[in-house]
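Please read them with the structure open beside you.

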Amino acid sequence: MPVLLKFCWILIVVNALTIGGGFVMLPMMQKEFVEKYHWITNQEFMDAIAVGQLTPGPLTVMNAFIGYKINGLAGSVMAMICSYLPCIIIVTLVVKFYCAYKESVIVNSSFKGIKSAVIGLLGAVAISLGHTSLVDFPTFGIAIVSFAVISFTKMDPTIVIIGSGVLGALLF
Amino acid sequence: MRNISLRNIFLVFFKIGTFSLGGVYSMLAFFENELVGRHKWLTHEEFIEGVAIGQMTPGAPIVNTGIYAGYKFGKIRGAMAAISGLALTGTVIAIALAIFFVKTKDSILLRSIMKGVGAAVVGLLLSTVYKMANRTIKDYKSALFALSAFFALALFKLNPIGLILAAGISGLAVYGWRK
């Protein structure tokens, strides 16, 4: 299968299974794009997350960044289409059948399991990415301070990421 | 059915997608200000329903709330206009950055900046895990789901797509599939 087609198919599956928040797509994407197909490196994957956070709009925009790395401009455009199409189909169906969907025990029970499980998945990905990016004392320090600031203050994560970039330019 | 042109739907979401930085909550506040407050295209109740639907459907919640609103304004074409507007600015910037990254791959300055940024991304992800856990992990069952998924991925390197499907099926078994 051509790379672009495979890339699109993975994005459709990933977006249809992103249950519990935008960050949930990350473990699936890291597995497929970095570990399985080696289209991008762990470092490039983190660059993409940072770009998704820095750019206005949803985190999903990072897929355009990854798409460009994998297949140029066509990759970016297809990434956006394949990220949003499943959502448009699913949401419009749900709006039509909202009452039945809201009460559906099958949806509620399975989503309850998934919403807890994805927290563990995201934790594992954070550690895996940490192996790549936390290489010395200063990088550990930046990670810990970022965690604390984003968790316990109201500061915008975008500011924290920009600040860490500035710090990186000065330190490394 | 409200009478709102596709162009206007696109323009309002373009504004939201261009000026809302940061997390989900700042974006949702922006949504409410524009759609409920300023334009009065949505009632407050519809907005709440849109947020709920965004959270209970697959995909990024903020995207899905946007699709909901766009659909209410102009059916499927409204939903597409909304998403195009919401994602346009970010996508263009992301592509520009990708071109820039490919061109300046070996720049030492860029690598130093991204070394700092990469460390902050790990902090951001851990903080997201912490916040999600605070909201979702309420009893030993949900804790067990999270821990099993963590070890399945961290130690056994199982595929997250398979793990999410397995968690859904286990959810049915644990939380019941009948009233």
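This is a predicted model: local features need pLDDT of at least 70, side-chain atom pairs count only at pLDDT 80 or more; totals for chains, interfaces and linings use all residues.

1. I begin with the contact between the chains, where 88 residues of chain A are in contact with 87 residues of chain B. On the chain A side, at least two residues are supplied by each of helix 1 (3–16), helix 2 (25–36), helix 3 (42–54), helix 4 (62–96), helix 6 (105–133), helix 7 (137–152) and helix 8 (157–171). The largest share of that side comes from helix 6 of chain A, which gives 24 residues. By residue class, the side of chain A that touches chain B holds 56 nonpolar, 26 polar and 6 charged residues.

2. For the complex, the predictor gives an ipTM of 0.92 and a pTM of 0.91. Chain B has an average pLDDT of 91, and 96% of its residues score at least 70. Within chain B, confidence is lowest in helix 2 (residues 24–38), where the mean is 84, and highest in helix 6 (residues 140–154), at 96.

3. Turning to chain A by itself, its secondary structure amounts to 8 helices and 0 strands, and the pattern read along the sequence is α-α-α-α-α-α-α-α. The C-alpha trace of chain A spans about 55 × 40 × 30 Å along its principal axes. Of the 172 residues in this chain, 59% count as buried. Taking contacts in chain A between residues at least 6 apart in sequence, 53% join residues at least 24 apart.

4. Chain B has 7 helices and 0 strands, which read along the sequence as α-α-α-α-α-α-α. The radius of gyration of chain B is 20 Å, well over the 16 Å that the globule rule gives for 179 residues, so chain B is more spread out than a compact globule. Its C-alpha trace spans about 60 × 55 × 25 Å along the principal axes. Buried residues make up 46% of the 179 residues in chain B, and among contacts between residues at least 6 apart in sequence, 44% join residues at least 24 apart.

5. The domain assignment of chain B gives domain 1 (6–103) and domain 2 (108–175). Taken over C-alpha atoms, the centres of domain 1 of chain B and domain 2 of chain B are separated by 26 Å.

6. Leaving aside residues up to four places away in sequence, Ala149(B) touches Ala117(A), Gly120(A) and Leu121(A) in chain A, together with Leu163(B) and Ala167(B) in chain B.

Note on methods:
Residues are numbered from 1 along each chain as its sequence is written. Chains are lettered from A and ligands numbered from 1 in the order in which they are written. pLDDT is the predictor's confidence in each residue, from 0 to 100. Helices (H or I, at least four residues) and strands (E, at least two) are DSSP runs, numbered from the N terminus. Domain bounds come from an automatic or database domain assignment. Two residues are in contact if their C-beta atoms, placed from the backbone, lie within 7 Å. Ala, Val, Leu, Ile, Met, Phe, Trp, Tyr, Cys and Pro count as nonpolar, Asp, Glu, Lys and Arg as charged, and the others, Gly among them, as polar. A residue is buried if 20 or more other C-beta atoms lie within 10 Å of its own, exposed if 12 or fewer, and partly exposed in between; C-beta atoms are placed from the backbone. The radius of gyration is taken over C-alpha atoms; the globule rule is 2.2 Å times the number of residues to the power 0.38.
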